[in-house]
Amino acid sequence: MAFGALADRFSGRMFRMLYARTRSRMDAEDLTQEVFIRAMENLHRLRDPDRFAPWLFSIAVNLHRDHWRRKKAAEVFSLAWKRKRPEADPPEAEENVASAQFWTRVHAFSGRLSSTEREVFFLRFVDDLSIREMAEVLKKSESAVKTHLYRALSKFRAENGLRDWLKEFEP
Amino acid sequence: MKNDHLDPNRLDLALADPERLDAQDAAHLAECPGCRDRLRDLSDDLARFSRAAGTLVPDVRVRIRLPADRRPRFRLLVLAPALAAAAAVLVLSVVFFRGGPEPMAPENTAPVRAAFAPDPEMAEALSLAETDPAQDYLDMVEAPDEGSIQGFLEFAVPAPEDDLQGRRAGKGGFPC
């Protein structure tokens with residue numbers, strides 16, 4: 001399959017994955033573009049074509065991590081930037097009330113997770129990856145992934161606000 | 001069957017890593033409707049979460065541009081006319097303000113002098129051309145002799161009575 005066709009096939013998933021983490025359409029679009037450029041440039045490193053999806057996700061995870069670090073650095077060194085963006089992301093990114101409510105709750109919840117727990121939880125329940133794929137993406141053992149997932153689930157179980165909202169949104 | 005219901009942590013474990021659940025807990029979960037309901041409740045909320053995360057995301061608008069089909073960036077497209085105008089101004093200013101080839105400067109006459117050296121007359125001419133004119137010549141140019149100019153004018157523009165052609169015209173007209 002030509003790389004362009006692969007990009008078309010996975011662009012939606014990549015965008016969703018990055019939007020869930022950045023909560024900014026613009027950032028997610030830029031990062032999605034960058035993911036595929038990086039993937040094309042490094043395609044020769046992909047040994048097993050069947051593992052394309054986890055390989056692509058690992059690129060996206062690393063790019064998002066870099067993006068987050070740059071954002072944090074900008075936040076630290078630019079008081080003006082911080083004043084302009086006190087909360088996570090611009091409201092125009094969320095196209096309706098339900099979306100805004102959902103992502104606000106999700107980000108409040110993800111703030112209570114460690115970075116690895118957050119990554120594992122998102123890969124499993126936003127990106128729909130299997131335990132094996134998550135282990136490949138995060139370069140951890142499957143056992144370690146399950147441990148982090150277990151801890152994240154414990155915190156999700158205690159997240160009554162989000163769980164009640166989900167039940168109201170989809171009875 | 002173990003009578004104790006599974007505590008929340010063991011329910012989480014049942015969801016995250018069922019293989020790690022010990023045999024007694026697994027057996028209890030298989031037979032206890034209450035524990036299964038609690039597990040299903042958590043599992044259903046996670047499924048709702050996944051569906052919401054999938055649907056409450058803006059539609060992707062990005063068209064992936066791969067390196068091979070990258071078009072010039074928008075910023076460059078906007079700047080292209082300005083860059084073209086600046087280049088045109090630069091070219092025109094060079095053409096108009098630089099002018100033609102510069103006259104040979106005195107210090108650049110060495111090759112000419114070398115070429116003329118074998119011929120004494122040419123060498124002298126070159127020497128004259130490179131040295132300032134004699135003061136006598138400059139005086140003559142600045143204050144020309146009135147008499148000599150008058151003589152030249154009389155010769156060049158004769159009086160009507162001395163004009164041979166005029167006389168001919170009076171007698172029989174111009175021959176032409």
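Reader: Which residue does A:Arg157 form a salt bridge with?
Author: B:Asp12, with the closest N and O atoms 2.9 Å apart. A salt bridge here is a side-chain nitrogen of Lys or Arg within 4 Å of a carboxyl oxygen of Asp or Glu. This is a predicted model, where local features need pLDDT of at least 70, side-chain atom pairs count only at pLDDT 80 or more, and totals for chains, interfaces and linings use all residues. Residues are numbered from 1 along each chain as its sequence is written, chains are lettered from A and ligands numbered from 1 in the order in which they are written, and side-chain values use heavy atoms, with hydrogens and water left out.

Reader: How many salt bridges are there across the interface of chain A and chain B?
Author: The rule finds 8 there, and the count over all chains comes to 23. B:Asp45 also forms one with A:Arg163, where the closest N and O atoms are 2.5 Å apart. That pair crosses between chains, from helix H3 (residues 33–55) of chain B to helix H9 of chain A. Helices are DSSP runs (H or I, at least four residues), numbered from the N terminus.

Reader: And how many residues does the contact take from each chain?
Author: Chain A puts in 43 residues and chain B 33, with contact meaning heavy atoms within 4.5 Å.

Reader: What area do the two chains bury between them?
Author: About 3600 Å², 67% of it on carbon and sulfur atoms. Buried area is the accessible area (1.4 Å probe) that two parts lose on being put together, summed over both.

Reader: New topic: where is B:Val91?
Author: B:Val91 lies in helix H4 (residues 74–98) of chain B.

How values were computed. Helices (H or I, at least four residues) and strands (E, at least two) are DSSP runs, numbered from the N terminus.
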